[in-house]
Amino acid sequence: MRDLFLGWDVGAWNCDRNRESRDALCALEMGKSGPVLVGKPWRGNVRDLLVAHNGSTLVDALLLRLDVAADTRRHLTVAIDTPLGWPRRMIELVTSGAVVDVPPEADKNPYLFRTQDLTLFAKGHRPLSMVRDMIGSQSTKGIHFLQRARLIPVASGVWGREFTVAIETYPAAAVRDVEVARLTTELFGELIGRESQQRSDAWQADIRDAITCALVALLHRCRPERLEAPGEAADATEGWIWLPAASTKTT
């Protein structure tokens, strides 16, 4: 059986009440000439699944939303577009009262951003803060998934169990990689070409991000050398944002 790659662009817990961003899921597998879409990309709110299922049944339920049948013989890599770790300095502040110096620049505040976020700012990216910006809901949703699916840390920025692995990614940065951008455009164009109805801009944006996430999942499994891996200075408690190495270069 071919490996499966699932991309999840995470919406807020109650995103079904939001006119814009929702949960979006897209699955890929490797075909003879490159990645191909599997099942039917889906957009909505997976909150009902996250509170109703545990373990492998939760992962299976996500796949069924895409009309993809579960198969325990198939290795699945899930790439998730939401922070799966929080800033260490913020956690230490609220749990033990430990304080650090705070620079005047908001985008350098260690309470608001993880070490890798701060590094990405210096390289021209604009990651959001789960503390300051409106992605705390999405972040807790992603972390809740890891716990409910019983995925445990197996390496820095990697959670897994049996034949399932989950990682964090950031599609807006990932598409700076030429190959990822090209494949995202091709796969999305193929999808739109077979859609029988006109889709909103919000639908297109979420599904496109889910496709990019799935491509990062594929790289993590099949071509890990293409991704920037956490170095010795990486903080395991903060997780890791898996991105193509070319996309993290300074512009």
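User: Where is the place of R150 in the chain?

Analyst: In this predicted model, R150 sits in the loop that links α5 (136-148) to β5 (152-155).

User: What makes the phi of R150 worth a remark?

Analyst: Phi of R150 is near 60°, a positive value, and the residue is not a glycine. Most residues other than glycine have a negative phi.

User: Which loop holds D67, and what is its phi?

Analyst: D67 lies in the loop between α2 (55-65) and β4 (76-81). Its phi is positive too, about 60°, although D67 is not a glycine.

User: Why is D67 called exposed?

Analyst: Exposed means a relative accessible area over 50%. D67 has 62%, so D67 is exposed.

User: Is L219 buried or exposed, and how do you know?

Analyst: Buried means under 20% relative accessible area. L219 has 4%, so L219 counts as buried.

User: Where is L219 found, and what is in contact with L219?

Analyst: L219 belongs to helix α8 (residues 201-222). Contact means heavy atoms within 4.5 Å. Setting aside neighbours within four places in sequence, L219 is in contact with V180, P224, R226, L227 and P244.

User: How many residues apart in sequence are L219 and P244, and what is the spacing in space?

Analyst: They are 25 residues apart in sequence. From C-alpha to C-alpha, L219 and P244 are 8.3 Å apart.

User: How do you know that β1 and β2 pair?

Analyst: Pairing takes at least two bridges between the strands. Strand β1 (residues 4-9) and β2 have 5 bridges, in the antiparallel sense.

User: What joins β2 to β3, and in which sense do they run?

Analyst: 7 bridges join β2 to strand β3 (residues 35-44), and the two run antiparallel. At least two bridges are needed for a pair, and these strands have 7. D23 has G44 in β3 as its bridge partner. A27 stands opposite V38 in β3.

User: What do β2 and β3 form, and what is the phi of G34?

Analyst: β2 and β3 form a hairpin, with 4 residues between them. G34 is in the turn and has a positive phi of about 145°.

User: What makes β2 mostly covered?

Analyst: The count of buried residues does. Strand β2 (residues 23-30) has 7 of its 8 residues buried. β3 is mostly covered as well, with 7 of its 10 residues buried.

User: Why does the radius of gyration of the chain agree with a compact globule?

Analyst: With 251 residues, a compact globule would have a radius of gyration near 18 Å. The chain has 18 Å, so the two agree. The C-alpha trace spans about 55 × 40 × 35 Å along its principal axes.

User: What share of the residues is buried, and what share of the contacts joins residues 24 or more positions apart?

Analyst: Buried residues make up 50% of the 251 residues in the chain. Among contacts with a separation of 6 or more, 65% join residues 24 or more positions apart.

User: How many helices and strands are there in the chain?

Analyst: There are 8 helices and 7 strands.

User: What is the accessible surface of the chain, and how many charged side chains does the chain have?

Analyst: The accessible surface comes to about 12000 Å², and 52% of that belongs to carbon and sulfur atoms. The chain has 31 positive and 32 negative side chains. The centres of the two sets lie 3 Å apart.

How values were computed: Residues numbered from 1 in each chain as written. Predicted model: local features only at pLDDT ≥ 70, side-chain atom pairs only at ≥ 80, totals over all residues. Heavy atoms only, no water. Rg over C-alpha atoms; globule rule 2.2 N^0.38 Å. Buried < 20%, exposed > 50% of the residue type's maximum accessible area, 1.4 Å probe, protein only. Areas by Shrake-Rupley, 256 points an atom, 1.4 Å probe, with all protein chains shown as cover. Lys, Arg positive; Asp, Glu negative; His and termini not counted. Charge placed at Lys NZ, Arg CZ, Asp CG, Glu CD.
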